[in-house]
Amino acid sequence: GKEGKFVTSFTYPCPKYLIQIEADGYLPADSEPFSLDGTEKKLPFRLVKGEEIKGSVCSTDGKPVTGADLVMITPSNNWQIINGRIPKYALRNVVHVVSGENGSFRFLPQKDTFLLLAVHDSGYAKVTDAELKTNNVITLQAWATVQGIVETGVKAAAKQSLALAYLDNSKFDPNKPRVNAYCEVTADENGKFKIDRVMAGNVSV
């Protein structure tokens, strides 16, 4: 606002609050944690210039992809992708953009380590901030499919509920962004199941 002043409100009760300021061409700035105790808070911010994060999304054949969802995942916000799709309710807790014409996208400058997750009907991609610096063209990888028949003993398990989990044996690092993903499906009356929009990797059903 005028002279850099702002007014905000909080709808969810928390022991402590923190305000982050973002502006075009500047790195985000965080306030000190504070509580709502009825006293006036003075929260000065000094913004530092930074570079915007720009790039484009393309398919495996090099064609631009419009309408891909891109989310910026940092170590502080755990992220889930369910059945190969981004839950709409989760978008309020993450920086999110949609690729425009010619597959282009743009994020405000960032100071944290991040992982970009791109999701589209034609495929997906996971790109680190270091990888993006060397190549800002994100190429989508085609979704995989897992299918089979589930049985109990020698009989088909009709209408059996199944879950696909991704196996990650890497050591947990609190300073590294992570994506948690899983898929759910119900077998048909003959025990057959098909799980679409599966990311590449080791999985179990």
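User: Is arginine 85 buried, partly exposed or exposed?

Analyst: This is a predicted model, in which local features need pLDDT of at least 70, side-chain atom pairs count only at pLDDT 80 or more, and totals for chains, interfaces and linings use all residues. Residues are numbered from 1 along each chain as its sequence is written, and side-chain values use heavy atoms, without hydrogens and water. Buried means under 20% relative accessible area, exposed over 50%, and partly exposed in between (1.4 Å probe, protein chains only). Arginine 85, with a relative accessible area of 46%, is therefore partly exposed.

User: Which side chain meets arginine 85 in a salt bridge?

Analyst: A salt bridge is a side-chain nitrogen of Lys or Arg within 4 Å of a carboxyl oxygen of Asp or Glu. Here the partner is aspartate 121, at 3.8 Å, N to O. Aspartate 121 is exposed, at 57%.

User: How many salt bridges does the whole structure have?

Analyst: Eight are found. One of them joins arginine 106 and aspartate 24 at 3.0 Å, N to O. Arginine 106 is partly exposed at 38%, whereas aspartate 24 is exposed at 53%. Shared partners join Asp24, Glu52, Lys54 and Arg106 into one network.

User: Which residues touch the most other members of the largest nonpolar core?

Analyst: A nonpolar core is a set of buried Ala, Val, Leu, Ile, Met, Phe, Trp, Tyr and Cys residues joined through side-chain atoms within 4.5 Å. The largest has 17 residues, and those touching the most other members are Val57, Leu70, Phe105, Phe107, Leu116, Leu132 and Ile138. Apart from this core lies another, of 15 residues, including Ile81 and Met199.
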